[in-house]
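Please consult the sequence and the structure shown below.

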Amino acid sequence: MATTSKIEWTDATWNIVTGCEKVSPGCDNCYAETFTERFRGTAGHHFETGFDLTLRPERLALPLRWRKPKRVFVNSMSDLFHKDIPDDYLTRAFAVMSLTPQHTYQVLTKRHGRMRSLLSSREFVAQVDTQREDIQPGCGDFTWPLPNVWLGVSVEDQKRADLRIPALLETPAAVRFLSCEPLLGPIDLCGPIVPGRGRPKLTYWLDGRPGWGPDQTDDRGRVFQEMAVGPRIDWVIVGGESGPKARAMHPGWARTIRDQCAHSGVPFFFKQWGEWGPAPFQVRVCDPEVGWLGTDEELVVAKADSEARGATHVHTGSWSDEDGERRYWLHEIGHKPWSLERCGLPNGMAAIRRWGKGRAGRELDGQVHDAFPIPAA
Ligand code: SF4
């Protein structure tokens, strides 16, 4: 457990479970796996068993001792709804969250199905109540969903958006959020595809699906219904991947999500570019038809000169089917510049370069996006 965190959208982490298994492409370069596997087999080390799923019950009560309010990321080194975490362990965790309303808990999962079924179940809520009494006898009533718990799903591409966002919207929650990190493909947050009719213009993931509220009766006994808006996404985080095997994020993907959030008034948080970020321009160092006519040494100097001025690689992308799954791949073309003149890019392509996470920073088109959700009263 860390009482502080370097993750930009939280204050602290509360790792009551460590270890996990990969479920989707967003897991390919899992930080928690890389970190914990370094210590596998080190006798006596906290991560002696590497990334194997391990319950950490000694940490369950820690937030009861934290007086200062914090935003707490629950299980940054695992997934809280992993199938091997027992239900009663989870009810204990939710009981602690309910008994510490001074903190705001951020629960992020890729196991949307188990989250939905458990948190919608009366038995689960009854068990949370029992655990509350066990921890703090006489603690009294509580409301469900817990007002201080934000629930989120990881959404790295459109396929995962179409799977996980509807499940999140069907889960009782005070605040619902998306973590689009690592963003691996373009995502349209305007709602699911309707078979045969394409994607509707109505943005009900971000705006809430309009419908009818419960029956009401006016003072003359007439029954009527008012329009109501269904659950919606309250917060969106976007980030590119970091680390040595980081996959690049097309700047256009981040811009589209930013613009869709702005249109619907949904708070948007741009966490980081990650390893790759936009390059200010690209150059050629020779005629692509002719090729390089100088010496190898001269070529190295020409490339270094252009890179020192911020010029960089050109990328494009394409879709491919892999093991029955559609994935978006970025390709490098003209990996290094060919002339010392700036050149343009075809539509849809963006110049990016490997800056490293620190240098790439977290400005999107010159602006830091740091918005947080405003929980309903
Ligand atoms: S769900 Fe999260 S913790 Fe588990 S493997 Fe995937 S990225 Fe890692």
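A residue is called buried under 20% relative accessible area, exposed over 50% and partly exposed in between, with a 1.4 Å probe and protein chains only. The model is predicted, so local features need pLDDT of at least 70 and side-chain atom pairs count only at pLDDT 80 or more, whereas totals for chains, interfaces and linings use all residues. Residues are numbered from 1 along each chain as its sequence is written, and side-chain values use heavy atoms, with hydrogens and water left out.

**Overall fold**
- The chain contains 9 helices and 21 strands; these are DSSP runs numbered from the N terminus, with helices (H or I) of at least four residues and strands (E) of at least two.
- Of the 377 residues in the chain, 46% are buried.
- Among contacts (heavy atoms within 4.5 Å) with a separation of 6 or more, 75% join residues 24 or more positions apart.

**Aromatic pairs**
- Rings of Phe, Tyr and Trp (its six-membered ring) pair if their centres lie within 6.5 Å; planes under 30 degrees apart count as stacked, over 60 as edge-to-face and the rest as tilted.
- By this rule there are 17 aromatic pairs.
- Trp14 and Tyr105 make a tilted pair, with 5.5 Å centre to centre and 50° between the planes.
- Trp14 belongs to strand β1 (residues 12–14) and Tyr105 to strand β5 (residues 104–109), so this pair ties together parts 91 residues apart in sequence.
- Trp14 is buried, at a relative accessible area of 0%, and Tyr105 is buried, also at 0%.
- Trp150 and Trp235 form an edge-to-face pair, with 5.4 Å centre to centre and 80° between the planes.
- This pair links distant parts of the chain, as Trp150 lies in strand β6 (residues 149–154) and Trp235 in strand β12 (residues 235–239), 85 residues apart.
- Trp150 is buried with a relative accessible area of 4%, and Trp235 is buried with 0%.
- Ring pairs join Trp150 and Trp235 with Trp9, Phe73, Phe177, Phe269 and Phe372 in a cluster.

**Charges over rings**
- A charge sits over a ring if NZ of Lys or CZ of Arg is within 6 Å of the ring centre and within 35 degrees of the ring normal.
- The charged end of Arg71 is placed over the ring of Phe372, 3.7 Å from its centre.
- Lys70 lies over the face of Trp66, 5.6 Å from the ring centre.
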